[in-house]
Amino acid sequence: MPTSTELSNARHHHSDASTHASHNPPNALAQNAEPGPSPDQSGNPDDDDSAGTDGNTATHARTVAAPTVRRPTIADGAHMWRIASDSGELDVNTPYAYALLARDFHDTCRVATVADEAVGFVTGYRRPEAPTTLFVWQIAVEPAFRGRNIGGLLLDALVRDLVDIVAVETTVTQTNDSSRRLFGKFADRHDARMSESPLFAAGHFPDAHEAEPLLTISGLAH
Ligand SMILES: CC(C)(COP(=O)(O)OP(=O)(O)OC[C@H]1O[C@@H](n2cnc3c(N)ncnc32)[C@H](O)[C@@H]1OP(=O)(O)O)[C@@H](O)C(=O)NCCC(=O)NCCS
């Protein structure tokens with residue numbers, strides 16, 4: 001296994017950019033006007049984070065509903081499970097696990113919606129031994145909505161709301177370029193350092209599974 005290595009965000013492979021640049025969300029979601037934030041089912045009106053002004057999204061803003069980010073409710077558990085199942089990448093937890101996360105860890109989880117439909121989620125928790133470190137367990141965006149920085153909006157919303165968080169950890173396989181790009185850009189936006197070190201080797205998993213090295217993003221500017 002490699003030793004702890006500073007990652008240069010610039011080294012992230014970007015060969016799929018031309019393919020993704022042509023991606024368009026489904027016509028069913030085309031709208032002429034940007035809607036306001038969706039209702040916050042958790043009962044916290046301040047949770048909503050309508051986010052239609054960033055890079056790619058701004059390009060589509062006149063034709064596509066802007067994503068909104070909020071804390072999950074128990075009802076979102078089923079949506080999170082569906083999005084994880086559709087991801088083609090994640091180890092899918094049980095529907096019960098997502099309902100439980102939505103109930104007990106909603107402060108460190110978020111759901112992204114477009115036109116009131118859940119299209120992405122992030123789950124995480126404060127590490128019990130280091131509560132100012134947020135461990136990002138899973139993040140996924142529906143395939144049709146990728147490449148619009150919705151993953152970035154989910155991560156940014158967590159860091160914005162969890163003001164005492166000083167570091168973010170996650171594990172990402174060597175082959176998951178999209179996820180590595182996502183976290184690399186997140187680190188850049190927050191003037192943070194990203195390093196990589198071994199954590200879970202393939203042999204730690206009883207099934208066929210790639211190694212999951214640890215990415216640590218530290219020195220976060222909020
Ligand atoms: C990782 C993931 C959450 C990123 O979400 P996102 O909202 O698409 O994030 P971004 O828009 O910032 O795109 C991140 C990278 O994905 C790639 N990408 C862009 N458009 C894409 C598309 N239509 N389809 C797939 N990947 C795309 C690009 O490499 C992009 O980096 P770039 O902006 O520098 O070109 C999403 O790809 C996903 O759900 N993947 C499957 C689940 C997964 O792997 N989760 C992480 C486990 S560690």
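A residue counts as buried when its relative accessible area is under 20%, as exposed when that area is over 50%, and as partly exposed in between, with a 1.4 Å probe and protein chains only. By this definition Asp 191 is exposed, with a relative accessible area of 65%. The structure is a predicted model, in which local features need pLDDT of at least 70 and side-chain atom pairs count only at pLDDT 80 or more, while totals for chains, interfaces and linings use all residues. Residues are numbered from 1 along each chain as its sequence is written, and side-chain values use heavy atoms, with hydrogens and water left out.

**Strands and their turns**

Helices (H or I, at least four residues) and strands (E, at least two) are DSSP runs, numbered from the N terminus, and two strands are said to pair if DSSP finds at least two bridges between them. Strand 4 (residues 110-114) pairs with strand 5 in the antiparallel sense over five bridges, and Val 114 has Glu 117 of strand 5 as its bridge partner. Strand 5 is also joined to strand 6 (residues 130-141) by eight bridges, and these two strands likewise run antiparallel. Gly 120 stands opposite Val 141 in strand 6, and the hairpin from strand 5 to strand 6 passes through two residues.

Most residues other than glycine have a negative phi. The hairpin of strand 4 and strand 5 has two residues between the strands, and Ala 115 in this hairpin takes a positive phi near 50 degrees. Asp 116, found in the loop between strand 4 and strand 5, has a positive phi near 70 degrees. Asp 191, whose place is in the loop between helix 6 and strand 8, has a positive phi near 50 degrees.

The table lists the relative accessibility of some individual residues.

| Residue | Relative accessibility | Class |
|---|---|---|
| His 190 | 9% | buried |
| Phe 205 | 23% | partly exposed |
| Phe 200 | 35% | partly exposed |
| Asp 86 | 38% | partly exposed |
| Asp 116 | 56% | exposed |

**Aromatic pairs**

Rings of Phe, Tyr and Trp (its six-membered ring) pair if their centres lie within 6.5 Å, and planes under 30 degrees apart count as stacked, over 60 as edge-to-face and the rest as tilted. A search of the whole structure finds three such aromatic pairs. The rings of Tyr 98 and Phe 121 have centres 5.9 Å apart and planes at 75 degrees, so this pair is edge-to-face. The pair links distant parts of the chain, with Tyr 98 in helix 4 (residues 95-104) and Phe 121 in strand 5 (residues 117-127), 23 residues apart. Both Tyr 98 and Phe 121 are buried. Another edge-to-face pair is formed by Phe 200 and Phe 205, at 6.1 Å centre to centre and with 70 degrees between the planes.

In soluble globular proteins, nonpolar side chains tend to be buried together. A nonpolar core is here a set of buried Ala, Val, Leu, Ile, Met, Phe, Trp, Tyr and Cys residues joined through side-chain atoms within 4.5 Å. The largest nonpolar core has 31 residues, of which Ile 150, Leu 155, Val 168, Phe 183, Ile 217 and Leu 220 touch the most other members. At least two residues of this core come from each of strand 4, strand 5, strand 6, helix 5 (150-161), helix 6 (177-189) and strand 9 (212-218), and helix 5 gives the largest share, seven residues. A second, separate core of 10 residues includes Ile 83, Ala 84, Tyr 98 and Ala 118.

In helix 4, the buried residues include Ala 97, Tyr 98, Leu 101 and Ala 102. They cover an arc of only 135 degrees around the axis, which puts them on the same side of helix 4; the arc is that of the directions from the helix axis to the C-beta atoms. The face turned away from this buried side carries the exposed residues Tyr 96 and Arg 103.

**Contacts of two residues**

Contact means heavy atoms within 4.5 Å. His 190 lies in the loop between helix 6 and strand 8 (193-200) and, not counting residues up to four places away in sequence, touches Asp 156, Val 159, Gly 219, Leu 220 and Ala 221. Asp 86, found in helix 3, is in contact with Glu 142, Pro 143 and Arg 146, leaving aside its neighbours within four places in sequence.
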